[in-house]
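I opened my notebook to look around a new structure. Come along and keep the picture beside you.

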Amino acid sequence: MKGKITDFGIPEIFQLVATQGKSGALTIQGDERKTVFLFTDGMIVDVQPDRRQARADLLGNMMVDAGYLTEEELRRLLAMQEKEGKKLGELLVEQGKITREILSRYLYLQVKESLYHALMIKEGEYQFELFAVRPPSWMSTPMRADVLMMEGVQFLDEYPRIRARFPSGKFLVFPKKGIRIDSKVLPSEERAVWKAVEYSSDPYKMFRKACLTWFEGIKALWALTDRGLVEVVAEAEEREDPWRAARADLKHRRRVAWVRAAVWAVAAMVAGLWAYMVLLSPRAIGAFGGWAGFF
Amino acid sequence: MRKENPIGLRLLVLTIVLTLPVCIGSLFPEPCEAGGPFASYAESVRARAEKVVAAAGPGKEEELGKQVRLLRKEMHAYGILSLNSVADLVYEKAVGEGWKRDGAPFLRAVADVAPLSVPMWAWLVKEDLLGGRMQDLVRDFDGMVGAVRRFGPALLGYASWLISFLAAAVCWFAVWASIALFLRARPSLESDIGRFFRFPGGGYLSVLAAAALFLLPLFAGFGLAIAACIWLALSAAYLRRAEILMMTSVILLLAALLAGGSVLHSLKRLTGEVQRGGWLGTEGYFPEEWPDASYLPMKGEERAPISRLVRFSRGRAAMMAGKAAEAEKIWTELVSGGGSPAGVLNNRGIARAQQGRLEEALADFEEALRKAPGDGATLWNAYQAYLRLFNLERSRALQPEAWEKVQAMAPYNLRPAEMEQGEWIASPLNVGDIWKSFFALRGDWIREAGESDIFRLYFRPLSATVSLVFLALVWLIAGAWKVLSMKVWVNRTCRGCGVRTLIVGSREAHEFCNQCRSRIAGASNDTGEPDRRGQGIAMHTAYVRACSVLVPGSGWLWSGKEIRTMVYGILLSLSLGLLSSSIGALDGGTIVADLERTVTFLAIGLAAVLWLAGSVAGLRSFRKMQRELGILPAGR
């Protein structure tokens with residue numbers, strides 16, 4: 001089965017494969033990339049992102065962005081991969097860079113990222129080849145294509161509205177000054193992003209660290225912004241000195257503290273005068289000293 | 001080492017030091033002068049009383065004793081029990097001539113003619129205590145208790161003092177507790193105000209808004225109770241359970257303040273504007289005006305419970321002025337009015353005896369004895385009457401009991417062996433009857449509370465009924481705000497380092513931030529990263545220190561010792577309440593003023609010691625907690 005995306009949309013293709021419980025490989029080509037999804041009985045079991053360029057949704061790059069690997073380590077691992085013919089994920093686990101559980105989570109993320117990207121392709125071609133696919137070892141529970149598709153469609157619907165809340169170009173995210181929260185009370189995705197704010201101010205790396213898709217991450221970031229926990233600034237405002245922001249924050253806090261001390265010193269004086277008026281002034285002591293008239 | 005920020009504290013200390021002398025100086029107004037106290041008495045009594053006052057002074061002890069005996073004889077002839085003004089004048093003279101420190105023996109000497117002067121006895125007790133004279137102390141204390149039991153205004157005055165003192169203490173406690181709790185809640189409140197209103201300007205507007213919220217009730221002219229309630233309600237969401245208990249106790253005490261104001265107002269209604277010299281004080285001070293119920297603040301039927309007592313006073317005044325016939329008429333009216341208590345019959349007997357109708361007088365004494373068989377005064381008068389009628393057999397029969405009872409009549413210090421014929425012992429206004437009429441007079445206590453001075457001062461602009469509803473509402477709103485704070489996002493301030501954490505579903509376990517729980521101190525490091533936590537800890541410590549100085553005991557609140565704070569607050573408020581109630585009486589008569597001056601100094605000393613102790617101990621407790629959390633070096 002093959003054809004043009006403009007004739008038969010990607011959601012319909014996924015739905016068809018899912019409802020008919022087909023096994024095989026769905027190749028989607030367009031937007032200068034080629035992505036292959038592998039199905040077993042209508043469920044997505046693996047994805048093969050385009051390897052022609054250093055795409056961000058490749059596992060190695062994801063690991064670098066998330067801070068599990070350095071660029072140098074990735075280069076060595078890729079060389080090793082070519083030599084030994086093993087999958088990168090396997091090498092990462094073998095080398096002790098990540099656990100199997102983390103690998104599993106990032107591979108899920110890779111599937112979702114690839115699907116969301118595929119959904120954004122407006123023009124291109126698709127091809128579905130029927131054959132028996134054996135699920136990879138990391139795929140303990142295959143993903144339902146229709147469920148993923150629904151999430152993807154929601155992404156397409158909501159993304160423009162959510163994105164409009166952030167600066168149009170690149171932007172950076174910082175935790176708001178002086179705010180501390182008990183992260184346990186936050187929903188899981190917000191909690192993950194909140195924790196990742198400390199890791200990087202680059203939202204892309206932040207979401208990678210949080211193991212969230214761009215859409216999931218930006219949605220959680222929106223919620224955190226709304227709660228007043230983080231602030232978003234356009235990238236141009238980035239400071240060169242890594243501690244400049246912290247120093248400016250301290251300076252600001254000191255200034256606020258001085259203003260606070262002055263304001264409350266005045267308030268204390270007013271309150272002291274008021275306490276004198278209501279408890280020690282002639283009128284007040286007249287009310288409390290009336291007993292003397294009996295003697 | 002962190003640098004703390006002491007400049008704010010220095011400013012506060014400077015302000016206190018500059019304003020303290022002004023405040024203390026204004027506490028001591030000049031005492032009032034007394035004058036013309038014997039004008040209404042009979043000429044012979046007046047002359048003798050003036051001689052007693054003239055004889056008082058160092059080197060004239062013998063003369064004073066002689067004059068006192070003569071005056072007392074004259075007083076008894078007119079049925080006068082006490083000339084309290086004698087004690088006042090002797091004291092004034094002692095002050096004027098500079099022998100006040102040696103004045104105790106002279107006042108004790110004139111106690112025979114002014115036995116109902118409670119201030120005099122209290123002053124003597126104070127002198128005995130200060131001088132360590134235990135024997136005199138027992139005797140003077142007996143005199144004081146006797147005077148309180150027999151002199152109408154005394155017991156009412158002590159009740160009024162106790163209520164005024166407690167009311168003042170409640171006011172101080174309300175101010176202290178509400179400000180302490182507001183300052184405890186302030187950091188979180190300030191952050192939430194900024195968050196809720198989304199103030200721009202990086203926190204400056206939040207600071208101003210929180211301060212404005214605090215000052216709003218003051219500038220709006222609300223009474224102390226209303227202002228305290230507003231502060232408590234604002235703080236409720238950020239308080240611990242024990243602090244909520246403290247808040248509840250303030251609200252309950254403010255309700256009690258309403259009741260106290262009501263009782264004080266009722267006492268005022270009972271006595272009229274003239275408490276000492278009016279109908280109530282006839283026994284000790286001759287009334288400046290003839291005792292009459294018409295000057296009482298209540299009207300017609302309302303006055304009924306005390307009109308009989310006022311007429312009794314009028315009868316006593318007539319007796320003391322030497323108008324025996326007029327006095328007899330009043331006593332007869334009272335007897336025919338029903339009830340005819342023993343005291344009325346005894347007094348009518350004296351009035352008749354003064355007019356030479358001894359047999360009729362004897363009949364009254366006998367009748368009085370049937371009603372009150374053991375009454376010393378009546379026994380003595382009957383014994384005297386029998387003697388004068390030469391019924392020696394009957395007088396001999398009465399003598400032992402009469403002598404025994406009359407000697408036991410504290411505080412009069414009567415010595416039968418020295419007493420002569422014609423010295424009659426009158427019956428004063430019964431203090432028990434005054435109390436009964438006080439409770440009979442009390443009507444709608446809420447209305448009376450609304451008319452009291454305390455209410456007008458501390459509950460404006462509300463009415464009495466609305467005030468009660470307001471107090472209940474404040475408690476409910478505070479409770480609702482506390483419950484709501486567990487459901488919505490609010491800031492919590494870490495007690496250890498002051499960092500604010502935005503949380504929902506708060507529990508008291510969240511009072512310390514994760515870093516404090518992990519014992520992470522603020523410290524500079526080699527990376528060049530500024531020590532934000534260290535700065536936060538320093539600023540928080542400075543804040544708690546300032547709170548501790550201005551509102552002593554706050555340090556304990558921050559270290560989580562609420563019950564200790566509350567006990568301390570009660571002690572501090574009692575000492576300050578003593579100050580408020582005593583400086584109000586500094587112009588209440590020279591002896592009273594002198595006593596109150598002592599009490600004022602004592603209260604100032606006590607309050608100052610407690611203030612200092614509360615500031616230091618609270619702060620030490622807070623720093624100990626910081627050390628235990630590992631956020632303050634052990635040496636600091």
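**Entry 1: chain A.** I note at the start that this is a predicted model. I looked up the secondary structure of chain A and found 11 helices and nine strands. Chain A has 295 residues, and 34% of them are buried. I then took the contacts between residues at least 6 apart in sequence, and 67% of these join residues at least 24 apart.

**Entry 2: where chains A and B touch.** How many residues of chain B are in contact with chain A? I found 62, and they meet 47 residues of chain A. Several elements of chain B supply at least two residues each to this side, including α1 (7–25), α8 (152–197) and β2 (500–503). Helix α8(B) gives the most, with 13 residues. I sorted the residues on chain B's side into 37 nonpolar, 19 polar and six charged.

Entry 3: Opposite Thr501(B) in β2(B) stands Arg180(A).

**Entry 4: one helix of chain B.** I checked the length of helix α17 (residues 392–407) of chain B. Its 16 residues should span 22 Å at 1.5 Å a residue, and its end C-alpha atoms are 21 Å apart, which agrees. Where does α17(B) bend? The bend is at Gln399(B), by about 45°, and Pro400(B) follows within four residues. The buried residues of α17(B) are Leu398(B), Ala402(B) and Val406(B). These buried residues pack against α16 (376–388) of chain B. I also jotted down a general rule: an α-helix has 3.6 residues a turn, so residues three or four places apart point the same way.

How values were computed
Residues numbered from 1 in each chain as written. Chains lettered and ligands numbered in written order. Predicted model: local features only at pLDDT ≥ 70, side-chain atom pairs only at ≥ 80, totals over all residues. Buried ≥ 20, exposed ≤ 12 C-beta atoms within 10 Å, placed from the backbone. Contact = placed C-beta atoms within 7 Å. Nonpolar A, V, L, I, M, F, W, Y, C, P; charged D, E, K, R; others polar. Pairing = 2+ DSSP bridges. Expected span 1.5 Å × (residues − 1). Bend = angle between axes of the 7 residues up to and from the residue.
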